[in-house]
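Subject: Structure for your files

Hello,

Here is the structure I promised to pass on. My notes on cavities and surface follow below it.

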Amino acid sequence: MILNETNVYKNITSDERREYLSVLQQESTIAFIPTFVYLGLLAIVGIPGNSLVIIVYLTKMTMKPLSIFIISMAVIDLITCLLILPGILYFLLHMWDFNDPLTCQFFLALIALLVMSSALMLVSIAIIRYMKMCHPFKKQVTLRQTKLICYINVFMAIVVSIPHGILQGKRSRQTQNPNIVGYYCKIDDSYVETIWPTLNSAFLFILFFVTSFTVTFCYVRIGCVIRGHGKNVHQRNYVSATKQHKDVKVTDFGGRTHKKSCLKFGIENESESVVEPVTISDLIDINTETKSNDYINANVENYNVEKSISTDSPGRDDFSDNIALDEFIIKQRFETVTPSYVNQIPALEKQRKHLNRTHFMMLTVTLVFFLGFLPFLGLNVLLAVSPETVTSLKGWSLAMYQLFLESYLVNCAANPIIYSLMDQKFKDICIQMFKIKL
C-alpha cells in the first residue's frame, strides 16, 4: 500500500517531521558505528592495496591470462572502494529522510554491476584453470581471448544489473508516530506489491548458486588432479626406449591417455612388445644412476628444461607449467637419458610447487568472495520473509544486522592481502619498491 503523504502529514508541520526523523536518524547512526569502522578499514586497506596490485601486475609482471584477471578484479575492487563505500556511508546517514530515487537506482545498480563482474571473473578463472589442469591437450585461451572474456563478463553484469536498479527507489518506513513516515533507499513502494522483486531475488539467488557450483566443481577437480599427481611423483616407473619410430601413449594429469604419432617415436617395455603409457611422473622419475640394460639411457638434443617451463612468451602463464613436459614428449625423440636432464628435476618440482601455490591463492580469493556473500544473502531472505522483524531492530541487533549486510564487500580489502601473502613474486616486488636505501 502506497502511503499518501498529504494525509500522513496533515497534522504535522515539515519542521516537526524533520526534527522527529532527525532523532530517529541519530539513534540509527549510533547503531551503525561498527559498520562505519568496518567501511573505513576496507577503504584504508583496499584503496592503496588494489592500486598497488594494478601497478605491480601491469608494469612489473609478465602479462599472462591470470594477470589480466587479477588486474580486472583489482580495478573493480578499487572502484568499489572509491565509490561504493562512501555511497553506503551516505545512505546510512539518510536512513529516515531519503528523497532521491534516481540516485538510489543508479547506486544499487552499480553495486550489482561490480559484484556480478567480480563473481564472473572468479568463475572464468576457475574454468580456465580447470581446462589447463584437467584438459591440457585441448585448446587453451590466449591473452587476447582473456581480454575478450573480461569484456563479456562486464557486459553480462551490466545486463543483469539494469533490472535490479530499475526496481529501486524510495521505500516508506513506518515510525512510532502514525502521522510520520520515513523513507530510505530500497525497492520502490510502487514495486513492493508486485511480483517483480520476488523474480529479481529468485534470479540473483539462482545465479549465485550456479556460479558457486561451477567454481566448486572446477576447484574440486583441480584438487583431485594435483593430489593424484603428487602421489605419482613418488612412484618410480621404469620404461625402456627403442629407436623404432612408433606411436606413443601420453597420459595427462587427468588420467586420460593420448596417442601421439606426429613425430613417430616409441617407448616400449623390454619384456613385451606393447606400447606402454607414459605419465609425467615417468619422465621425472627415470633412474639414471646405473647404465645397465635394465634402465634407460637417453640423449635429449637441444632441450632446455628451464626454457620449456618459462612463462615469458606471450599467451603462456603458470597454467602452462604442468604441460611443459607433455610438449617435450611430443616434440622430442628419446634415445638416451643423460644426467643433465635429471639435474633439472628440482627446477621442475619447484615450478610445480609454485603452480600449486597459485591454485591455492586463487581458491582462497574465491572462498573469501563467496563466503562473504552468504550473510548478505541470508539477511536479504530475512528481509523478504519478515520485513517487520528487520524494521523493528534497534541497538546492537540493528548494528549486527547492518554490519553483516555489508559482508559482501570484504574481498575489496582481502584480495591485496591474499596476493601479498601467497604470491612470492608480488611480495618481493612490493618490498623492492618500498625498500628504503640507507
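For the lining counts, Ala, Val, Leu, Ile, Met, Phe, Trp, Tyr, Cys and Pro are taken as nonpolar, Asp, Glu, Lys and Arg as charged, and the others, Gly among them, as polar. The model is predicted, so local features need pLDDT of at least 70 and side-chain atom pairs count only at pLDDT 80 or more, while totals for chains, interfaces and linings use all residues. Residues are numbered from 1 along each chain as its sequence is written, and side-chain values use heavy atoms, with hydrogens and water left out.

Cavities (on a 1 Å grid over the protein atoms alone, sets of points where a 1.4 Å probe fits but cannot get out; lining residues have an atom within 4 Å of a point): the whole structure holds four of 30 Å³ or more. Volume here is the space filled by probe spheres set on the points, which are joined across faces, edges and corners. The largest cavity has about 90 Å³. Its lining has 13 residues, with Thr80, Leu114, Val115, Leu409 and Cys412 nearest the centre. Two or more lining residues come from each of α4 (65–92), α5 (101–134) and α16 (411–422); helices are DSSP runs of H or I, at least four residues, numbered from the N terminus. By type, the lining of the largest cavity splits into nine nonpolar, three polar and one charged.

On helix α3 sits Ile33. Ile33 counts as partly exposed because its relative accessibility is 45%, between the limits for buried (under 20%) and exposed (over 50%), with a 1.4 Å probe and protein chains only.

Regards

Definitions and conventions:
On a 1 Å grid over the protein atoms alone, a cavity is a set of points where a 1.4 Å probe fits but cannot get out, and a pocket is an open set with protein on both sides within 12 Å along at least five of seven lines; lining residues have an atom within 4 Å of a point.
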